[in-house]
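Biologist: I have a chain open on my screen and would like to know what stands behind the words you use for it. Could you take me through them?

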Amino acid sequence: MSRIGKKPIALPAGVTATVNGSQVTVKGPKGTLTRTLHSDMRPALDGNTLSVGRPSDETRHKALHGLSRTLVANMVEGVATGFKKSLEIQGVGYKAESKPYGINLVVGYSHPVEIKAPEGIKLVVETPTMVRVEGINKELVGQVAAEIRNVRPPEPYKGKGIRYVGEFVRRKAGKTGAK
């Protein structure tokens, strides 16, 4: 058995789940998420625990087993507590501004870059150089954070750009003067 796949998922207080064939719906205080798992995987609800079963010990079924269990566990965690990723902006004059549709980034281009928040995602500008992406869908939070970072990734010479909080950027030595 897959070590990850065979672990049951405990539903915290206030979270309910329904299983309809291979479709799993999870409702909680933060919202509702629905996902259709692979047709070979068999999700099951037993009281206050969710589990995912597999039909055989084939390699692809083992891989799908662990993946499916993790996707469902992320859904449960998302509707219970939510997910967040923080980004920091470094560079002289680089900043973020909160707007009704999302955020405006001023990061050294001749124009401000508009980032529109997709449905279910909240973009929070804590300080002009700190942006937080919040939501209940882990995949969507990570994708939006990656798209914001991709507007101006950190460069290796001065370290200017947008990076995740805690991300280490390996610096390179610049040119040395000729003598």
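Modeller: Gladly! Let me begin with one term: contact means heavy atoms within 4.5 Å. Please keep in mind that this is a predicted model.

Biologist: Which residues is Thr-25 in contact with, leaving aside its neighbours within four places in sequence?

Modeller: They are Thr-16, Ala-17, Thr-18, Thr-32, Leu-33 and Thr-34. Thr-25 itself is found in strand E3.

Biologist: Why is Thr-25 called buried?

Modeller: Buried means under 20% relative accessible area. Thr-25 has 18%, so Thr-25 is buried.

Biologist: What makes the pair Thr-25 and Thr-34 a polar contact?

Modeller: The limit is a pair of N or O atoms within 3.5 Å, where one must be able to donate a hydrogen and the other to accept it. The side chains of Thr-25 and Thr-34 are joined at 3.5 Å, so this pair counts as a polar contact.

Biologist: What is found in the hairpin of E2 and E3?

Modeller: There are two residues between the strands, and Gly-21 takes a positive phi near 70° in this hairpin.

Biologist: Which other strands form an open sheet of three?

Modeller: E8, E9 and E10 do, in the order E8-E9-E10, again with antiparallel pairing. Here the edge strands are E8 (95-99) and E10 (113-116). The twist averages 25° from one strand to the next.

Biologist: What makes E8 and E9 a pair?

Modeller: Pairing needs at least two bridges. Five bridges join E8 to strand E9 (residues 102-106), so the two strands pair. Within this pairing, Glu-97 stands opposite Asn-104 in E9.

Biologist: Why does Asn-104 count as buried?

Modeller: The cut-off is under 20% relative accessible area. Asn-104 has 9% relative accessibility, so Asn-104 counts as buried. Leaving aside neighbours within four places in sequence, the residues in contact with Asn-104 include Lys-95, Glu-97, Pro-112 and Glu-114. The C-alpha atoms of Asn-104 and Glu-114 are separated by 4.7 Å, although these residues are 10 apart along the chain. The side chain of Asn-104 also joins that of Tyr-101 in a polar contact of 3.2 Å.

Biologist: How do you know that a charge sits over the ring of Tyr-109?

Modeller: The charged end of Arg-152 sits over the ring of Tyr-109, 4.3 Å from its centre. That distance falls within the 6 Å limit. Lys-116 likewise lies over the face of Tyr-101, at 5.0 Å from the ring centre.

Biologist: Now a helix residue. Is His-65 buried or exposed?

Modeller: His-65, in helix H1 (residues 59-80), is buried, because its relative accessible area is 1% and the cut-off is under 20%. The side chain of His-65 reaches the backbone oxygen of Val-52 at 2.7 Å, and makes a polar contact of 3.2 Å with the side chain of Arg-54.

Biologist: Last one: which strands are joined to E7 (residues 83-90)?

Modeller: Six bridges join E7 to strand E12 (residues 130-135), running antiparallel, with Lys-84 opposite Glu-134. E7 also pairs with strand E13 (residues 161-164) over four bridges, in the antiparallel sense, and there the bridge partner of Ile-89 is Ile-162.

How values were computed
Residues are numbered from 1 along each chain as its sequence is written. This is a predicted model: local features need pLDDT of at least 70, side-chain atom pairs count only at pLDDT 80 or more; totals for chains, interfaces and linings use all residues. Side-chain values use heavy atoms; hydrogens and water are left out. A charge sits over a ring if NZ of Lys or CZ of Arg is within 6 Å of the ring centre and within 35 degrees of the ring normal. Buried means under 20% relative accessible area, exposed over 50%, partly exposed in between (1.4 Å probe, protein chains only). Axes are lines fitted to C-alpha atoms, for helices over the stretch in contact, and angles run from 0 to 180 degrees between N-to-C directions.
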